[in-house]
Amino acid sequence: MIDTQPSAIRAWLSSLELFGIKLGLDAMRAISRALDTPERRWKAVHIAGTNGKGSVAALTAHALQSAGHSTGRYTSPHLLHLEERIVINGRPVAEADLDASLARVRDAAEKLRQDGTLQAHPTFFEVTTAAAFDVFRTAGVEMGVIEVGLGGRFDATNILQPIATAITTIDYDHEQHLGSTLRQIAFEKAGILKPGVPAVIGRMAGDARHEVERIAIERRAPLVDATTGSSVHAVRRGGLTRLTLDTPVRQYGPLEMSLRGAHQIPNALVAVRLVETLESLGVAVGHSALESALRETRWPARLDLRSLPDGRQVLIDGAHNPAGAAALAAYIVDEWPQGVPIVFGAMADKDLAQMLAALGPVARPLVLTAAPGKRAADPADLDRIARERGIEPVVEPSLRSAIEHAWRHGSLIVVAGSLYLAGAVMKELSLAW
């Protein structure tokens with residue numbers, strides 16, 4: 001019998017990080033069958049996109065929960081604790097419950113390895129995904145809102161048989177896995193579309209949209225363009241957005257959105273149209289629950305303004321790709337035209353030149369540091385890339401020294417470039433999730 005003590009389970013899970021990213025569904029399907037297909041015990045909503053998919057998942061889950069549906073939400077990565085990835089009715093799964101599901105997944109995977117069904121160890125993401133599906137079954141949730149990890153077509157979450165899907169945006173990210181053109185990236189993300197299952201899409205560039213439309217037609221998946229027949233009136237006030245939203249179904253607002261940034265407006269529209277699509281399938285939600293989601297949803301480390309007891313402030317934002325960095329830069333220009341101190345660290349496999357080109361001009365100063373993890377870019381490399389583009393940054397190898405250096409230039413600083421860096425700064429400053 002395999003040891004099922006929590007410490008052994010977490011150690012086993014951590015050991016799987018050595019296997020990195022593995023795209024493909026065979027292992028997930030085998031594990032799911034061994035667990036008696038837990039993902040088929042609740043109604044799934046599947047969300048992909050380069051940026052915004054986590055925000056749309058958070059808004060959608062909040063609306064469903066507000067309407068009285070027992071709702072699970074699965075997103076990645078986590079900031080402080082693994083349990084954050086798996087949320088049930090607004091609360092992270094209990095550690096003991098997650099450990100029990102991880103133990104079931106581990107036992108199933110080991111048996112599959114022994115009988116030759118699995119030729120390789122499952123990855124960290126495959127295991128956490130299978131555990132999330134098992135947690136939701138055990139908890140008896142009615143709805144599960146699932147964020148794609150990477151791409152869509154071969155993502156571990158794509159064993160789902162959802163009742164609705166959504167693709168928020170398509171832009172450049174993870175090109176080494178998804179392709180170097182928007183059409184190629186769109187092909188991968190549209191891999192979540194299923195025959196007869198409605199799909200809501202946000203605004204996207206021509207090549208990307210054409211590819212999504214082609215696949216939707218091929219699979220006979222009804223496509224709902226969130227922008228068609230909808231109008232938005234938004235006024236920025238004190239960093240937040242006062243929003244009135246008209247869709248083909250109803251009007252929402254005027255209300256103050258809880259999520260910051262102009263880029264959250266199209267995310268809100270996709271989420272609203274996604275929930276309205278669920279309503280058309282017989283899932284009762286209603287006007288009040290959707291407005292509650294728009295007003296109350298929290299999504300940590302996404303333009304997340306935190307205040308310390310001494311009055312200093314930090315704006316934490318993942319901004320982990322060029323589009324995310326551009327959205328953050330636009331927010332900074334709107335709120336602090338004179339610029340702000342920015343602490344930046346990122347993964348080495350990102351388009352660092354474009355990210356630094358977006359943030360460098362609004363940074364006063366730009367402080368470069370190392371994000372956590374083996375994939376992190378060396379601050380020296382970041383410094384070289386920045387200087388090649390006429391930016392003169394400061395390099396601070398440790399996160400603590402980078403934060404302190406930034407605060408010497410003002411009582412409000414920004415930390416950006418990676419969700420792993422965001423989690424590290426939250427831990428460093430003792431900020432709650």
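The model is predicted. E12 covers residues 304–307 and E13 covers residues 313–317. The points below take this hairpin, then the nonpolar cores, then a surface patch.

**Hairpin of E12 and E13**
- The two strands pair in the antiparallel sense, over four bridges.
- Asp304 and Arg306 lie on the covered face of E12, whereas Leu305 and Ser307 lie on the uncovered face.
- Five residues separate the strands of the hairpin, and Gly311 takes a positive phi near 95 degrees.

**Nonpolar cores**
- The largest nonpolar core holds 39 residues, and Leu13, Trp42, Ile86, Leu98, Leu102 and Phe136 have the most contacts inside it.
- Two or more residues of this core come from each of helix H1 (6–15), helix H2 (26–34), strand E3 (86–88), helix H4 (95–114) and helix H5 (124–139).
- H5 gives the largest share of this core, nine residues.
- Leaving aside neighbours within four places in sequence, Ile86 is in contact with Arg73, Tyr74, Arg91, Pro92, Val93, Leu98, Thr128, Ala132, Val135 and Phe136.
- Another core, of 38 residues, lies apart from the largest one and includes Ala58, Ala164, Val200 and Leu278.

**Surface patch**
- Ile21, Leu23 and Phe154 form a nonpolar patch on the surface, and together they have about 250 Å² of accessible area.
- Phe154 is in the loop between strand E5 (143–147) and strand E6 (164–167).
- Phe154 has a relative accessible area of 33%, so this residue counts as partly exposed.

Key
Residues are numbered from 1 along each chain as its sequence is written. This is a predicted model: local features need pLDDT of at least 70, side-chain atom pairs count only at pLDDT 80 or more; totals for chains, interfaces and linings use all residues. Side-chain values use heavy atoms; hydrogens and water are left out. Buried means under 20% relative accessible area, exposed over 50%, partly exposed in between (1.4 Å probe, protein chains only). Two strands pair if DSSP finds at least two bridges between them. A nonpolar core is a set of buried Ala, Val, Leu, Ile, Met, Phe, Trp, Tyr and Cys residues joined through side-chain atoms within 4.5 Å. Contact means heavy atoms within 4.5 Å. Patches are made of residues with over 30% relative accessible area and no salt bridge: like charges are joined within 9 Å, nonpolar side chains (Val, Leu, Ile, Met, Phe, Trp, Tyr) within 5 Å. Accessible areas come from the Shrake-Rupley method with a 1.4 Å probe; for residues, only the protein chains shown count as cover. A salt bridge is a side-chain nitrogen of Lys or Arg within 4 Å of a carboxyl oxygen of Asp or Glu.
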